[in-house]
Amino acid sequence: MEKPENHAMESETLDHHKSDDHSDESEQQLATETPKSDSSQLSLTQVMEARFPNGRTIPGDGRFLGLKMESSGLGRDETADSAFILAVNRISKSVMTLRELRLDSTPVSSWLNRASSVQNRAASLLDEEFRHLLDRSREKNKKNNNADLSSDSTHESDRCVLQEEETFPDFPPESISTLEKIAGAMISAGYEAECCMSYEMSRRHAFKEELSEVGFEGINVEDVQRIPWESLEERSPAGSRSSAAAPPCFSPASFLCTAVFSSDDHAATRKRLFTGLVSAVTIRFLDFSGAVVLTKRSSEKLFKFLDMYETLRDLVPAVEQSDSDLNEEIKLAQTRLGEAAVTIFGELENSIKTDQGRTAVPSGAVHPLTRYTMNYLKYACEYKDTLDQVFQTEPEQETRRNQREDDEEYKVSAFGRQMIKVMEHLDANLEVKSRLYRDPALRSIFLMNNGRYILQKIKGSTEIRDLMGQAWTRKRSTELRQYHKSYQRETWGKVLQCMNQEGIQVNGKVFNAMFDEIHKTQSTWIVSDEQMQSELRVSIAALVIPAYRSFFGRYKQHIDSGRHSDKYVKYQPEDIETFIDDLFDGNPPSMARKRT
Amino acid sequence: MRPAQDNQGSFLGRISIRRNQFTDVNTEQEQEDLELFQKHIADRFTELLSPPPPPQPPSDETNTAASVPATEQIMSVTWLRKLMDVFLCCEAEFKAILLMGRDPTQISKPPFDRLVPEMLDRSIKALDICTAVVNGIDSVRHYQRLAEIAVAALEQRPLGDGNVRRAKRALSNLLIALSIEDKENVSGGGRGGGSSAASKGGATIGQLKSSSWAVGRNWSAAKQIHAMTANLAPPRGNEAAGLPLPMFIMSTVTVFVMWVLTAAVPCQERAGLANHLPVPKHLNWAQSLVGIHEKIGDEWKKKEKKGSAGLMEEMTRMEKLGHSLVEFADGFHYPAEKEAAESAAAQVAEMAEICRRMEEELVPLQQQIREVFHRIVRSRAEILEVLEQAGKLSAPVV
């Protein structure tokens with residue numbers, strides 16, 4: 001803490017000392033002089049003592065302050081500091097009293113002059129200390145955070161200077177108490193304007209630095225149009241969903257000014273400072289969201305738009321409590337963001353509708369479009385409340401809505417309806433894609449794969465599941481079973497048929513040929529979902545093996561007789577089991593396995 | 001795709017489909033509209049150049065018929081607010097001309113395939129300038145607060161040493177801020193940005209810099225304005241008769257307004273704010289514009305030599321008063337000498353009046369500029385929509 005002399009101008013220091021030399025004399029004079037004009041008038045001292053029976057006499061305060069300010073300044077000794085502030089407050093009170101009394105006498109004016117001088121110097125000192133305290137705590141905390149970047153919690157609290165929990169992690173309670181005392185002293189001395197100015201500067205600076213740390217440093221509209229989206233994403237001031245849920249950053253109680261300017265007398269000041277900071281913060285976010293919303297709409301931007309939407313929504317309580325006039329602007333910004341989100345979602349639907357590949361996915365596997373869409377929707381569901389809000393303001397076509405409202409199944413939210421629309425498009429698209437497969441069995445496998453993927457994604461997330469509703473989920477399960485049955489019928493129908501017929505020689509050959517063909521082909525098919533894969537195999541086995549055993553058993557004697565047995569019946573039932581396990585592996589079967 | 005809803009209604013709804021029928025009628029109507037547009041521009045700016053004197057109150061002896069009250073002078077806050085109103089009117093009229101009843105494919109064909117993107121690009125730059133100016137007004141409000149401290153201190157009776165010192169500190173900070181504004185760069189941090197004289201007591205200049213908002217790194221208002229004038233040339237030949245003309249006019253008006261704002265308010269990086277705007281002096285509608293431009297340009301040249309914060313009329317007066325009052329403060333010794341005190345008191349009253357005016361008008365001005373911002377955004381969105389519509393209409397059916 002610099003001594004006052006270091007930063008006082010030369011002339012002023014001399015001035016101060018000069019007045020100090022005389023201060024004792026004139027103060028004694030003030031204390032003892034009795035105005036000659038009217039004996040009924042009380043002496044100054046009597047007046048003072050009447051008002052301030054306890055504590056030191058006022059001249060003493062002045063002397064004390066003078067000494068203090070010459071020496072160490074604030075910040076070293078807490079008791080001395082408290083005494084200092086107390087003395088300042090007493091001087092302020094006496095100045096106020098004297099002014100109210102409007103005593104028209106030279107000693108009074110002279111005393112007031114000296115007092116104003118002392119107040120001025122004290123206020124400067126307090127102001128310096130005030131700013132130091134505000135800035136020092138923040139810098140100390142920043143050093144700690146830089147050293148300890150791994151700790152998530154400090155990072156979280158550092159993320160938003162306004163998001164300070166009850167205990168204001170940047171400011172220990174002693175600091176806050178000192179800040180409060182200093183603010184009170186400055187305000188009593190009539191230096192509220194300087195105090196508020198210092199406070200605002202410091203907080204704005206802190207906030208600005210915080211934004212810089214996340215790379216968001218005065219983004220302008222032109223930059224936002226130019227910068228590739230990915231680098232912009234990291235730079236946004238809004239919290240990201242992937243990190244720990246952002247605690248509410250902007251609740252009014254969490255603003256430091258409520259603690260520093262806590263007394264009832266300071267309510268107006270507090271409100272003003274609060275309003276100023278809330279406005280500053282809000283306008284930054286409004287600017288950023290305004291710039292972002294002007295960029296070309298594309299699907300990956302949805303989530304950042306929604307983040308901004310939510311951040312703005314979180315700001316509303318603070319804005320409403322303040323005197324700032326930004327509610328309309330916030331609503332406007334949210335509307336624009338909402339419209340953008342709706343557009344992006346609509347484009348998702350369009351891109352699904354128009355996705356027309358001419359080549360089928362090999363092996364009937366899950367189509368990339370399915371993966372993309374489902375993952376996108378899953379992520380979108382994390383914002384389902386916000387998306388609900390956004391879509392609720394979207395007027396839906398009347399006919400559809402009436403239809404939906406009648407249908408029990410479709411008592412879903414606004415966003416739920418959108419999800420269902422997207423799913424329906426996806427289904428329709430997959431249906432078309434499935435027809436690219438000439439083999440009806442492969443078609444079924446394709447539909448099973450994709451249907452299963454979709455179903456698993458939905459079941460895997462409570463939000464989507466609740467959003468889509470149970471009826472919808474059940475319907476999809478039913479469809480899956482139907483595809484399964486189709487598959488069985490198409491692939492194994494004829495196989496079973498031939499096993500039921502008479503004539504080992506013909507049917508044995510037919511079976512072998514069919515089975516080999518199936519084995520060769522369908523081993524290269526893919527069923528991605530392990531459980532479904534195993535279910536398929538099990539159901540095929542359950543279908544085929546008993547039939548084969550009985551078929552095998554009927555002609556056992558022929559085989560045992562050893563004559564051309566290989567020609568008709570190549571496989572043991574166990575072999576069939578093994579081969580079935582090859583199915584849907586995605587790999588061509590190794591020939592060596594034939595004779596195990 | 002849903003057209004953006006706003007209270008001006010959707011322009012798409014007004015686009016007539018019967019192209020053949022209205023083309024002939026349209027050209028006549030269009031001509032009329034264009035001429036009216038030019039006349040309105042001329043009228044509005046003429047009023048800005050020399051506002052009509054207010055009705056003289058009989059008791060007012062200070063007002064002469066020829067003088068304009070200080071509050072309405074060019075570059076005063078009130079005048080700037082009027083300028084914003086004028087801009088919004090011109091913009092609304094222009095948009096109507098551009099989009100109403102217009103075949104969307106018309107504005108996607110040459111020469112509009114070049115003119116429209118240029119105009120949209122200018123609008124983006126204008127947005128950033130609006131933001132910078134709004135930030136700059138925050139600085140002006142800071143100056144206002146410093147001035148208010150000085151006023152409150154100097155209004156104290158009896159006037160003591162402490163009061164005067166307090167006023168002097170505030171005024172010194174104010175004057176330094178006003179004079180170093182353009183010389184100092186907006187650096188990211190540190191409180192050492194100010195001179196040592198300013199760094200004792202009170203909010204430091206460095207603090208002011210470090211806590212004010214920047215519109216991007218290396219962003220310069222002067223450069224943006226210069227960039228906005230690129231390709232800004234009056235249309236020639238047959239283009240001069242049609243839509244390109246109002247587009248040129250509106251672009252010129254936009255650039256001009258942005259230029260005025262940048263000159264008036266301390267903005268990020270104004271060094272080299274080109275005095276030279278490509279406003280064609282010979283065109284009728286532009287006469288008053290040119291007049292205003294010249295007046296401001298002259299002032300700017302004077303100020304640039306001294307390095308001053310901004311041409312806003314109130315700030316200029318504040319600076320003068322500030323210097324004078326600092327002189328008073330330097331010569332002050334308790335008790336105050338009667339004549340000096342009276343003269344100072346008069347100046348303090350004037351300063352107080354400036355502060356009052358600022359208190360009334362600065363925030364509304366900020367709000368107006370934000371309104372301009374939103375209007376530009378909306379118009380841009382509407383134009384883009386129409387272009388998209390044009391794209392769909394002219395594309396082969398899939």
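## Close-up views of a predicted two-chain model

**View 1. An arginine of chain B over a tyrosine ring of chain A.** Arg166(B) sits over the face of Tyr191(A), and the distance to the ring centre is 3.9 Å. This contact, like every other feature described in these legends, is taken from a predicted model. For the model as a whole, the scores are an ipTM of 0.80 and a pTM of 0.77.

View 2. Asp287(A) belongs to helix α13 of chain A, which covers residues 267-293. Because its relative accessible area is 13%, and buried means under 20%, Asp287(A) counts as buried.

View 3. Over all chains, the structure holds 24 aromatic pairs. In one of them, the ring centres of Phe37(B) and Phe94(B) are 6.3 Å apart and the ring planes meet at 35°, so this pair is tilted. Phe37(B) comes from helix α1 (residues 19-49) of chain B, whereas Phe94(B) comes from helix α2 (residues 77-99) of chain B, so the pair ties together parts that lie 57 residues apart in sequence. Both Phe37(B) and Phe94(B) are buried. In chain A, ring pairs link Trp492(A), Phe511(A), Phe515(A), Tyr548(A), Phe551(A), Tyr571(A) and Phe579(A) into a cluster.

**View 4. Cysteines without a disulfide partner.** The count of disulfides over all chains is zero. For Cys89(B), which is in no disulfide, the nearest cysteine sulfur is that of Cys90(B), at 6.7 Å, whereas a disulfide needs two sulfur atoms within 2.5 Å. Cys89(B) is partly exposed, with a relative accessibility of 38%. The sulfur of Cys355(B) has its closest cysteine sulfur in Cys196(A), and because the two are 16 Å apart, they are too far from each other for a bond. Cys355(B) has a relative accessibility of 4% and therefore counts as buried.

View 5. Chain B contains ten helices and zero strands, and its pattern along the sequence reads α-α-α-α-α-α-α-α-α-α. The average pLDDT of chain B is 78, and 76% of the residues score at least 70. Over residues 1-25 of chain B, however, pLDDT stays under 50, and the model has 36 contacts beyond four places in sequence for this stretch. Residues 182-203 of chain B also keep a pLDDT under 50, and here the model has 51 contacts beyond four places in sequence. Of the 398 residues in chain B, 53% count as buried, and the accessible surface of the chain comes to about 17,700 Å², with 54% of it belonging to carbon and sulfur atoms. When contacts in chain B between residues at least 6 apart in sequence are considered, 81% join residues at least 24 apart.

**View 6. Chain A as a helical chain.** With 27 helices, chain A has zero strands. Chain A has 596 residues, of which 51% are buried. Its accessible surface comes to about 28,700 Å², and carbon and sulfur atoms account for 50% of that area. Among the contacts in chain A that join residues at least 6 apart in sequence, 77% connect residues at least 24 apart.

Key
Residues numbered from 1 in each chain as written. Chains lettered and ligands numbered in written order. Predicted model: local features only at pLDDT ≥ 70, side-chain atom pairs only at ≥ 80, totals over all residues. Heavy atoms only, no water. Buried < 20%, exposed > 50% of the residue type's maximum accessible area, 1.4 Å probe, protein only. pLDDT = per-residue confidence, 0-100. Contact = heavy atoms within 4.5 Å. Helix = DSSP H or I, 4+ residues; strand = E, 2+ residues; numbered from the N terminus. Areas by Shrake-Rupley, 256 points an atom, 1.4 Å probe, with all protein chains shown as cover. Phe/Tyr/Trp six-rings, centres within 6.5 Å; stacked < 30°, edge-to-face > 60°. Lys NZ or Arg CZ within 6 Å of the ring centre and 35° of its normal.
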